[in-house]
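Here's a quick tour for anyone meeting this structure for the first time. Have a look at the sequence and the 3D view, then read on.

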Amino acid sequence: RLVHVQPSKRPETAQKASLLFAPAAQDARDLGTAVHQLFERVSWIDEVGAESLIAEWGEASTVREDLKQKAVALFRQAIVAPDIRRVLARPPGNVFLWREKRFEIVIGNRWVSGAFDRVVVLRDEAGKAQKATVLDFKSDEVTGEAALTELARQYKPQMEAYRSALSRMLG
């Protein structure tokens with residue numbers, strides 16, 4: 001019997017039910033989804049027109065207008081950051097890109113289901129995968145180094161599960 005695992009699902013925690021339905025909580029989820037939708041449209045940041053990407057997304061998005069504006073502002077702020085531009089740019093060499101790639105894989109006694117937000121795979125001349133970079137878009141609001149370290153600790157199991165799945169998938 002396999003244990004079904006979904007790495008992107010955070011561990012269950014106890015919280016007041018009223019918080020689940022609070023308008024601010026729904027706004028935060030909608031904002032995170034909107035920012036994610038913008039990033040998932042980026043193929044290679046140095047080859048895409050950010051403003052046309054934003055305009056197309058804006059026309060298709062059903063999120064409330066004020067949240068759209070916040071999402072766009074966060075997206076614009078992020079894509080000018082050198083580290084973010086670097087990981088969204090086409091690297092040199094023989095590469096292929098997966099965006100929003102869903103997967104199901106059995107590893108040991110675990111059935112792992114998930115979706116990679118973005119994977120960049122570097123291949124050798126024969127097409128065999130040599131190196132891969134997995135990006136998972138997060139929109140958590142973080143204030144301070146300690147909070148960032150704690151958030152990274154919380155997401156570590158998800159990223160380790162993705163690394164294991166991708167390693168098996170690419171051989």
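**The briefing**

Helix α2 supplies the largest share of the lining of the largest pocket, 9 residues. Keep in mind that this is a predicted model. The protein has 171 residues, and 30% of them count as buried.

**Overall layout**
- You'll find 6 helices and 4 strands in the protein.
- Starting at the N terminus, the order of elements is β-α-α-α-α-α-β-β-β-α.
- Along the principal axes, the C-alpha atoms fill a box of roughly 50 × 45 × 35 Å.
- Take the contacts with a separation of 6 or more: residues 24 or more positions apart make up 60% of them.

**The largest pocket**
- The volume of the largest pocket comes to about 2000 Å³.
- It is lined by 47 residues, and the closest to its centre are Phe137, Lys138, Ser139, Asp140 and Tyr155.
- Two or more lining residues come from each of α1 (17-20), α2 (23-40), α4 (65-79), α5 (82-88), β2 (94-107), β3 (110-123) and α6 (145-170).
- Sorted by class, this lining holds 23 nonpolar, 12 polar and 12 charged residues.

**The second largest pocket**
- By class, the lining of the second largest pocket counts 9 nonpolar, 1 polar and 2 charged residues.

- As a rule, nonpolar side chains in soluble globular proteins tend to be buried together.
- Here, the largest nonpolar core has 21 residues, and Leu38, Phe39, Trp57, Ala71, Phe75, Ile79 and Leu88 are the ones with the most contacts inside it.
- Helices α2, α3 (50-60) and α4 each give two or more residues to this core, and α4 gives the most, with 6 residues.
- What does Trp57 touch once its neighbours within four places in sequence are left aside? Trp57 is in contact with Ala34, Gln37, Leu38, Arg41, Val63, Lys68, Ala71 and Val72.
- There's also a second, separate core of 12 residues, with Ile105, Phe116, Val134 and Leu166 among them.

- Strands β2 and β3 run antiparallel, joined by 13 bridges.

**A closer look at Ala60**
- Ala60 sits in helix α3.
- Is Ala60 buried or exposed? Ala60 counts as exposed because its relative accessibility is 52%, and the cut-off for exposed is over 50%.
- Ala60 and Ala73 are 13 residues apart along the chain, and their C-alpha atoms are separated by 17 Å.

Technical notes. Residues numbered from 1 in each chain as written. Predicted model: local features only at pLDDT ≥ 70, side-chain atom pairs only at ≥ 80, totals over all residues. Heavy atoms only, no water. 1 Å grid on protein atoms, 1.4 Å probe; cavity = no way out; pocket = protein on both sides within 12 Å on 5 of 7 lines; lining within 4 Å. Points joined across faces, edges and corners; volume = space filled by probe spheres on them. Nonpolar A, V, L, I, M, F, W, Y, C, P; charged D, E, K, R; others polar. Core = buried A, V, L, I, M, F, W, Y, C linked by side-chain atoms within 4.5 Å. Buried < 20%, exposed > 50% of the residue type's maximum accessible area, 1.4 Å probe, protein only. Contact = heavy atoms within 4.5 Å. Pairing = 2+ DSSP bridges.
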